[in-house]
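Reader: I have just opened this model and would like to learn how to read it. Could you take me through it one feature at a time?

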Amino acid sequence: MSILSNKHILLGVTGSIAGYKAADLASKLAQAGALVDVILTGAGEKFVTPLTFQSVTGRRAYTDKDLWGNEAHVLHVSFGKTADLLVIAPCTADTIAKLANGIADNLLTVTALAARCPLVIAPAMDGGMFDHPATQENLAKLKERGAVIVGPAEGHLASGLTGAGRMSEPAEILGQVRIVLGRNGKLAGKRIVVTAGGTQEALDPVRAITNHSSGKQGYAIAQAALDAGADVCLITAPTALTQPVGARVIKVNSAMEMLNAVLAESADALIMAAAVADFTPKTPAKNKMKKRDGIPQVELTAAVDILGTVASSQLSGKRFHIVVGFAAESQNLLENAAEKLKSKKLDLIVANDISANDAGFAVDTNRVTFLFANGTKEILPLMSKTEVAEKIIEHTSKLLE
Ligand code: CTP
């Protein structure tokens with residue numbers, strides 16, 4: 001169940017060329033399971049049609065005609081009552097001014113006045129309009145009342161100028177919507193450190209020894225922790241994935257860099273999903289190894305064991321209250337995992353069989369078994385990495401209780 005599953009999201013679309021991006025946002029919200037009701041202002045309709053939104057949300061999109069239609073007397077009130085969140089993207093300087101001053105002269109602003117749900121605003125306008133003291137004062141007023149303002153981003157503006165005024169990207173707005181929906185979740189006020197990806201051990205300035213980890217499971221855990229309201233630090237080895245919105249991201253390459261980043265943190269929980277190197281070149285070459293010098297003989301040495309180091313550092317005061325590890329195994333899954341649970345002094349280990357085609361590295365699914373320090377075990381069927389992440393976060397929050 002995603003944080004957006006069956007949530008009633010009202011998406012207000014006002015008159016800006018960024019309206020075309022709102023269609024993408026509507027689509028992303030609907031794909032994440034939200035029930036998206038779109039309300040377009042008159043100016044919004046000039047840029048994008050209600051049909052565009054209906055096509056991506058599978059639900060009716062509303063316009064000012066509905067303000068005077070058959071259900072006009074109840075429509076804005078029912079929207080206001082049932083909505084879990086109102087997001088206005090793009091939001092013009094004009095609508096911002098109306099919201100700040102309680103003006104209700106179209107279906108969107110009437111609804112905004114009737115609603116008591118959280119409000120997220122993604123401004124879009126020309127740079128000068130954004131900088132204008134009137135707009136800044138109006139935004140400050142809305143912020144003070146609890147509205148969350150996303151962006152605007154800097155960059156090319158429709159006027160041809162460059163500056164702050166571009167509507168934030170739909171992925172960024174979606175991420176902020178998730179944060180607002182999750183802010184009172186079961187991990188609210190808790191700090192969670194998640195590691196992800198496969199570390200890279202340098203052979204020389206251009207080559208490295210790495211592994212097949214895609215980082216998908218770790219990133220999904222970071223997102224699930226954000227959805228549960230946690231303050232998330234994601235320590236990541238290089239991956240091709242997009243950073244989860246709202247996480248503090250620390251990029252590292254090697255096992256040693258990851259260890260240093262982990263030891264610089266203290267938190268309620270550490271979830272070590274990263275595939276950390278066990279072996280590293282003893283002396284990486286300072287300069288690129290050249291073919292003409294023949295085939296290099298690389299001597300390896302043991303890489304730092306991050307969980308092992310954390311376990312010994314915890315003896316003198318707890319840096320992390322709960323530590324969750326992974327066991328990636330190709331044989332004797334449960335025995336090896338149980339052994340790691342004990343030797344690394346973990347509260348929970350997530351054992352996964354990496355020899356299966358549909359689980360482990362790179363794929364979107366995983367088949368895992370949870371082993372707890374108290375000796376209990378939970379065998380899970382094949383599920384998406386997102387679902388596995390939600391289960392891990394559920395157990396982490398129970399362990400923290
Ligand atoms: N891990 C770690 N530091 C390492 C290697 C692994 O902290 N140098 C962590 C991983 O992030 C994972 C857990 O230890 O949470 C188990 O990792 P895994 O690769 O399964 O086990 P190893 O300890 O490396 O043992 P082996 O490779 O011999 O199975």
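Reader: Let me start with R178 and D227: what joins their side chains?

Author: The general idea is that side chains of opposite charge can pair when their charged atoms come close. The rule used here calls it a salt bridge when a side-chain nitrogen of Lys or Arg lies within 4 Å of a carboxyl oxygen of Asp or Glu. In this structure R178 and D227 form such a salt bridge, with 2.6 Å from N to O. Across the interface of domain 1 and domain 2, the rule finds 1 salt bridge.

Reader: Before we go on, what sort of model is this, and how are residues counted?

Author: This is a predicted model, in which local features need pLDDT of at least 70 and side-chain atom pairs count only at pLDDT 80 or more, while totals for chains, interfaces and linings use all residues. Residues are numbered from 1 along each chain as its sequence is written, and side-chain values use heavy atoms, with hydrogens and water left out.

Reader: How much area do domain 1 and domain 2 bury between them?

Author: Buried area is the accessible area (1.4 Å probe) that two parts lose on being put together, summed over both. For these domains the figure is about 500 Å², with 56% of it on carbon and sulfur atoms. On the domain 1 side, R178, I179 and G182 supply 76% of the area buried against domain 2, more than any other three residues.

Reader: How many residue pairs are in polar contact between the domains?

Author: A polar contact is a pair of N or O atoms within 3.5 Å; within protein, one must be able to donate a hydrogen and the other to accept it, and residues adjacent in sequence count only if both atoms are side-chain atoms. Between domain 1 and domain 2 the count is 2 residue pairs, both residues being at pLDDT 80 or more. Away from that topic, the side chains of N352 and N366 are also joined by a polar contact, of 3.4 Å.

Reader: Is N352 buried or exposed?

Author: Buried means under 20% relative accessible area, exposed means over 50%, and partly exposed lies in between (1.4 Å probe, protein chains only). N352 counts as buried because its relative accessibility is 7%. Its place is in strand β18, residues 348-353. Helices (H or I, at least four residues) and strands (E, at least two) are DSSP runs, numbered from the N terminus. The protein chain has 14 helices and 22 strands, and 50% of its 401 residues count as buried.

Reader: Back to charges: how many salt bridges does the structure hold?

Author: There are 15 salt bridges. One of them joins R248 and E265, at 2.8 Å from N to O. This pair links distant parts of the chain, 17 residues apart: R248 is in strand β13 (residues 248-251), and E265 is in the loop between α11 (255-263) and β14 (267-272). R248 is partly exposed at 39% relative accessible area, whereas E265 is buried at 7%.

Reader: Which residue does D204 pair with?

Author: D204 forms a salt bridge with R207, and their closest N and O atoms are 2.4 Å apart. D204 counts as buried at 3% relative accessibility, while R207 counts as partly exposed at 34%.

Reader: And which residues are linked in a network of salt bridges?

Author: K21, R166 and E169 are linked in this way. Within it, the side chains of R166 and E169 meet at 3.9 Å, N to O. R166 is partly exposed at 29% relative accessibility, and E169 is partly exposed at 41%.

Reader: Let us finish with a helix: which residues does A100 touch?

Author: A100 sits in helix α5, residues 93-101, and counts as buried because its relative accessibility is 3%. Not counting residues up to four places away in sequence, A100 touches N138, K141, L142 and R145.

Methods
Contact = heavy atoms within 4.5 Å.
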